[in-house]
Amino acid sequence: MSLAHLLRRLVALAVILLCVSALVFAITQILPGNAAVMILVQNATADELRALEVQLGLDRPAWVQYGRWIGGVLAGDAGISMTSSRPVLDVVLPALGRSLILAGITLAVMATGAVLLGVAAAVRRGRLADFVISALVYPGVCVPEFVVGTLLVVLLARPELGWFPAGGYAPLSQGLLGFARSIALPALTLTIILTSRISRQVRSEMIDVLKSDYVRTATLKGLPRRAVLFRHALPNAMLPTLTILALDIGYLIGGTVVVEEVFAYPGLGRLLIFSMQSRDLPVIQAGVLAMAVVYVTANLVADLLHSAVDPRVRADG
Amino acid sequence: MPTWKMSRRALMRASAAAVLAASAAGRGAFAATAGTPRRGGILKISVNARADSLNPMKPKSSAGHMAVELLYSGLTRIGTDLSAQPDLAESWTANDQATEFTFRLREASFHDGSPVTAADVVATITAIRDPASASPGRTSTGPIAAVEAVDDRTVRFRLDGSFADLPVVLGSVYTKIIQAAALADPAALETRPAGSGPFLLKEFDPGRILSVRRNPAYFDPERPYLEGIDQLVYPDATGEAAALINGDTDVLLEVGIANFDRLATTAGIVGERVATGNFLNLVMRVDTRPFDDLRVRRALAMSLDREALVEAVLEGYGRPADDSIIAPEASLYTAPPKAVYDPAAARQLLAEAGYPDGVEATLYAAAVPPLRTTLAVAVKEFASQAGFRIEVRTVAMDEYLANVFRKAGFYVGSWNMGVTQDFWYNTLLTSKGALADSGWSDPRFDEVIAAARRTTDAAERTRLYAEAQALVVSNLPYIVPFFLDRLAARRDYVEGLALHPLNQPYQLDRVWLGEGAPARQE
Amino acid sequence: MREPALRIDGLGVAYRMAGGEVPALRDVSLTLAAGETLGVIGESGSGKSTLAFAIARHLPDNARVAGGVIAVAGQPVGALDARALRALRIHDVRLVYQNAASTLTPTMRVGDQVLEALRLSADATAGRSEVLALFRRVRLADPAAIYGRFPHQISGGERQRILIAMAIAARPKLLILDEPTSALDPDTAGAILDLVGELTAELGAAALVISHDLETVAGRAGRLLILRGGEVVETGATGRILERPAHAYTRLLLDSRPERLAAHRPALPAGAATLLAVRGLTVRYRRPGWRTWLGLGGPGAPVLDGVDLDIAAGATTAIVGPSGSGKSTLARALAGLVPFAGAIGFDGRDFRAPRALDGTYRRAVQIVFQNPDTSLNPRLRVAEILGRPLRLAGRAHDAAAVAALLEAVRLPPDLAGRHPHQLSGGQRQRIAIARALATRPRLIICDEITSALDVSTQAAVMRLLMDLQARDGTAFLFISHDPDLVRAVAHRTFRMTGGRLAPVAP
Amino acid sequence: MAEGWSRLARNPAGLTGAVILSFLLLVIVAGPALAPYDPTTFHLTRRLEGPSLDFLLGTDQFGRDLLSRILTGARPAVLFGVGATALAVLGGGVAGMASGYVGGLIDEVAMRALDVVLAVPGLLFALLIVTVLGSGSANAMLAVAVSFLPGFARLARAGTLSIRERDFVAAAIARGEAHGYILRREILPNLMPPIVVEASVRVAHALMIGATLSYLGLGAQAPDSDWGLLVAEARDYLFRNGWLLACPALAIGISALGFNLLGDGLRDLLNPELDA
């Protein structure tokens, strides 16, 4: 991929994100409860409300508010959180960081596991191992995250057992063990769900690749089975998987929202749900935008990765 | 094995009742826990909402309230009997009409070492009363007209009208005394305390931890007993419970009803329970059909088996409320007549009111706290015996505030116990009540409430409040099915924890760690 | 006695399908001595590829060897264990098969792929220089540059040479070439086959060349084996078979060669009028993307560049040319499928845009496409595929009319109830032709209509077209890349290069 | 039709899916009638019990019969999934087909707009919409439909674009067919199989998102018997009566499994070349 192409992608990405920001802003404008109402909760008088509306700029036309907001965001100031009275970015960014840690660990574990499972199933296609893997993996496609998560809590986080906390988050700075224990179950939940999706994908890609002429060429060369699988088949099966993986990052982000809620993991997803419940508009706006940034960037990275791995794209890009 | 379950439950109830009795006996003083206070140790306490701001003028969550209480002192504190007790003010006097109060300050210093003076009090109260502060304290402090520093250690409050409850009200979390110089920069107060409380701020990482350490210069040489307190944020109840069981924390201040039995029966953990005046109410607007007819309101009230509601909705952790918003814990309390449960009579009343075939109504409940919905579902089921066909509609909080609260004809309200009887009567039920939401008004009631403010004679006030209560109960703007208990849990080595019927005072400066407490290093 | 390089006795292979076993090869026997080249000729479904993979013992999972023995250099292939099988593949039997552009691993450099084979077979320490030597032997230009390329970066001919290099690296006893040239243009194909001939001679290896096309193989194989429906129809010396075919099917194959079709061509009607007068026909494809829609991206390079063409009524006008020269674009422009500039004169009227082409024109000019798989709507039954244009042309469109159309293309009327996927390739193309005939057109544009068909099917379809021409006086615009075919069927021929047209002398 | 059934019978995934869905259909039609109790009736002395002869799956915190609640919850759950998907197919399908067929500037603009929507992960978008519309099953369904819509629009557009390039469409254009006929008879029948396959998988997905939204308190509201809501309510009683959680969770899982398997089966079934 050439530099010009990369630049073009980045510009397109920026435009899309700008549109997303406008979309999100517009959507949040329709909310029934006005922000001022939520801040003052039920004890507000009409005068207090009006004063706060003026203070928040809620009396200005929507496009003026948007302009002020997006200008601020670009300058690193996304406003003040209504529930916490702290700068939005101070609230959103640490939460985003924790979500990324969760998503990153999930992705790493899942990618390895799913690939191995998928390859194993494809190689033993139609045999017992394939059936067993499919049977193990299929439920993950049909059971929502919150069910998996809750079941894991019941099974592994019974307080009597003391194996894992049922929720919460212990930062790495407080010790590796606590961190690992606090992140294990949410990561496991996401991993189970995503592994099912991806390993099925890897399996079907791998089956296609194993049918391909070049794998036949490699086999008929007399290469050992392992070399055929890992040198010739797998890299090619991984290419489409990479694209799917990027798409699944969107799924992962969505899943993160739910799983964070289930495990009371203080990430961006949970923050967003809390903000949606309490109508903390600046946090909703910045949070959704942050997720969109992550998603779009992940897709870009996947594309770049794809072109780094796939010689065809590399040359044509 | 239903029978076993029932008996175990009964047992639990009994033991919790014993706790209740103990805390009742210990009213006015610290809880009657055995042993002498011991110095030292770090208490780990969990909360499930973050303390987002340390500014006493606008703390939002219980965690924030706790933080403010640890870091600041007020003029007074509110005892578990809801009376005013000295804090920064060592004494106070009022004139006969309760329109002028004089507070005498003790010698105390802010965390930076500078003395607490009358000027600081004046500056704080002035700041709270500034509409721009948007402090909840502005509306709860009564009709203050002026505050002045008589001398360095004396402050005088002049009121617009009579307000006998001023010393109690000034014990609220919103009226903690802030160093005058710090008021210039309210934003800094969010994270940098400027108070004179029993603890000093060590670390504040919102969403994770609030860590405070003993204030060696605190005006009381005895307290606090603890070397420090770490308030850890566990963003939900399940995590909190697990942390307590695992011994990661020592105290869990808000235990959900569903979890209490399990926690209280766990080895090493003691369940704490205190009766409060927190209540849910069914608001029936008296100006909207079908509840504009008193008979319909009474029919609904009679269709509800209060004991069964306490059982079904609260799993027994509460008391029937007989439709008064004032709980027995309130000062100047008189018990209302017992609410009658008689579905047949209720059906009869409905027929008399012109609804022989029953009546339809939509009952709105905000999604938080979830208890509102639970109550609504239970009311729907019970009231159906009397011919009410209730549709329950759960709405998000913002929709509730925008479209339901004070607007809808029938909804579930939820309020914490008021510091004084005056507070909720004046806010919810007087004609000019700031949050009057039932549409009911009665000049006699307004008069009675105003008269109770004017007098400082306790017997007279008790009589007046009894009359007010009778007016409310007979007119039924609300059905108040029950008062909630507060449930908490602690490790058995945590001593001196006295649950308060009000939500805010935690009085953690009176807690100490007894035998068996784990040694924790900094 | 020296064992033959390959001996097959009574080989039977069957595939397990949903409906039961389907035989792919029945009782196939052959011997191939070292240094000998055997040509195996068969059309689709004849089992020729099954034969190739059976020899390397690399049949699909659902295949079953029903009987018979395959012995490579005296070694029965069926009895080998996994280790011996690998050794067989490394040292004895090498396959080069159809160049489908995917015979090399896309993610590996081609040099490394050859090196892999080289190290396995000849020399475990072989390196780049040995690979380069091999590249030179298969006459790859600029071996050093090719080494580092990826498969998609080299041409089809180069790819095929790489595969051959990989095959000969081990100096195998048996080289199997399965349709090694069918995707290549005639010149490249010839060069590749010549190279194979040279190398086998040099190595003393036996070669089995499999093809659907008698023509390509005939000149290079000493013996031929004709395969049909899994059975050996005829086998013998090449010369004998070409001159005195014993079997009717062999004769059919021989008769299907394009030069035999010329006899069938109707005479050019005397003084044929001009049916279609194309003047200055130019087509540019717009670049995709938002720039174009904003008018920022200039027009693309012309695909058709001012083409003038007169198509005579009742005659066959042919256009030949390499792929990408604009042949198909011309066809599509005349059928009103792409925007064009210039004029199409028809019936005394000039049409200057696809939108202007009215019902009369569209009924009179029909198009038949190359690939019958995509030119028939898979979701419709034959009855609707044919009924709809009949109706559009204002003709009767009942079952009888459809049956009549089917009959005209020599298909049984009961096909009306079928879906396209239930028909063979040849049948599908006949349906496509029938669809074109439905409007009683005066010109049918035939865009490479036989290139996806077997040789015998191609011949049958061409005969059908020429019969129709003789009967109805329909004109054809015949687009093809096969010079032999064009020479046989066209009355006039043009050559398209770079979007321009030039007449070819007859 | 008969041919279709016999093909289905040979497809184990599709067959299993069909069997599950037939059972589900039975529950949807007859569920409330099959329920042994009124799903809202309290049995206050029998709260949080495990399975017994009186209450086959046990009771919840109000002593309501879990089996009855699950049986009555099937209809809204499945209707939610099917409804949301149907809306998305209809909206997205029509828009995508039109955009792909018309092409040009309109198509370009429509696709860029979709890019924007697709830059927000689906569940998040649904959350945002429910937040705006307010909680409730109908709103949640609409939100899910809206969040699915871009996917179907893309699918329909891509399909239309590729089918439009096929020669049978070219043949139809060349012989002068009207746009309506081309869209209806030439493109739509070929577009349907991938959409039907995707839709059946999406129904499973919608069902799960519906349950998730209810779980988050944004979908169905008490006292409904929505399966997601049952799971959410069961969370408080996790350690006291695990059946409360397991049973509705299983119901969600099995239904989603049914639609997923059906999708897999249809994928093979609707491929006309498969047994040619």
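# Chain contacts and domains in a predicted model

The model discussed here is predicted. The side of chain D that touches chain A is made up, by class, of 24 nonpolar, six polar and three charged residues.

**The interface of chains D and A**

- Five pairs of chains touch, and among them the pair of chains A and D has the most contacts.
- Chain D contributes 33 residues to this contact, and chain A contributes 42 residues.
- The two chains bury about 3,300 Å² between them, and carbon and sulfur atoms account for 80% of that area.
- One salt bridge is counted between chain D and chain A.
- A salt bridge links the side chains of A:Arg200 and D:Asp264, with an N to O distance of 3.7 Å.
- On the side of chain D that touches chain A, the elements giving two or more residues are helix H4 (104–118), helix H5 (122–133), helix H8 (179–215), helix H9 (227–234) and helix H10 (243–269) of chain D.
- Helix H10 of chain D gives the most to this side, with nine residues.

**The interface of chains C and D**

- Here 26 residues of chain C and 25 residues of chain D take part in the contact.
- About 2,300 Å² is buried between chain C and chain D, with 57% of the area given by carbon and sulfur atoms.
- Three salt bridges are counted between these chains.
- One of the salt bridges pairs D:Asp167 with C:Arg332, whose closest N and O atoms are 3.7 Å apart.
- Between chain C and chain D, 10 residue pairs are in polar contact, with both residues at pLDDT 80 or more.
- Helix H12 (290–293), strand S16 (365–368), helix H15 (372–375) and helix H16 (382–392) of chain C are the elements that give two or more residues to the side touching chain D.
- The largest share of that side, four residues, comes from helix H16 of chain C.
- Sorted by class, the side of chain C that touches chain D holds 12 nonpolar, eight polar and six charged residues.

**Chains B and C**

- No contact joins chain B and chain C.
- The closest C-alpha atoms of chain B and chain C lie 43 Å apart.

**The overall form of chain B**

- Chain B contains 16 helices and 19 strands.
- The radius of gyration of chain B is 24 Å, close to the 24 Å that the globule rule gives for 522 residues, so chain B is as compact as a globular protein of that length.
- The C-alpha trace of chain B spans about 75 × 60 × 40 Å along its principal axes.

**Domains of chain B**

- The domain assignment divides chain B into domain 1 (8–24 + 278–484), domain 2 (28–51 + 193–274 + 493–513) and domain 3 (73–190).
- The C-alpha centres of domain 2 and domain 3 of chain B are 26 Å apart.
- In chain B, 23 residues of domain 2 are in contact with 25 residues of domain 3.
- Domains 2 and 3 of chain B bury about 1,800 Å² between them, 50% of it on carbon and sulfur atoms.
- One salt bridge is found across the interface of these two domains.
- B:Arg77 and B:Asp509 form a salt bridge in which the closest N and O atoms are 3.0 Å apart.
- Nine residue pairs are in polar contact between domain 2 and domain 3 of chain B, with both residues at pLDDT 80 or more.
- The side of domain 2 of chain B that touches domain 3 comprises 12 nonpolar, eight polar and three charged residues.

**Backbone features of chain B**

- Most peptide bonds are trans, and most residues other than glycine have a negative phi.
- The peptide bond from B:Arg223 to B:Pro224 is cis, with omega near -10°.
- B:Pro224 is placed in the loop between strand S9 (209–214) and strand S10 (228–233) of chain B.
- B:Arg289 and B:Pro290 are also joined by a cis peptide bond, with omega about -5°.
- B:Pro290 lies in the loop between strand S12 (269–284) and helix H9 (294–303) of chain B.
- B:Asp323 is not a glycine, yet it has a positive phi of about 70°.
- The loop between strand S13 (318–320) and helix H11 (343–352) of chain B holds B:Asp323.

Technical notes. Residues numbered from 1 in each chain as written. Chains lettered and ligands numbered in written order. Heavy atoms only, no water. Domains from an automatic or database assignment. Contact = heavy atoms within 4.5 Å. Buried area = accessible area lost by both parts, 1.4 Å probe. Salt bridge = Lys/Arg side-chain N within 4 Å of Asp/Glu carboxyl O. Polar contact = N/O pair within 3.5 Å; in protein donor to acceptor, adjacent residues only side chain to side chain. Nonpolar A, V, L, I, M, F, W, Y, C, P; charged D, E, K, R; others polar. Rg over C-alpha atoms; globule rule 2.2 N^0.38 Å.
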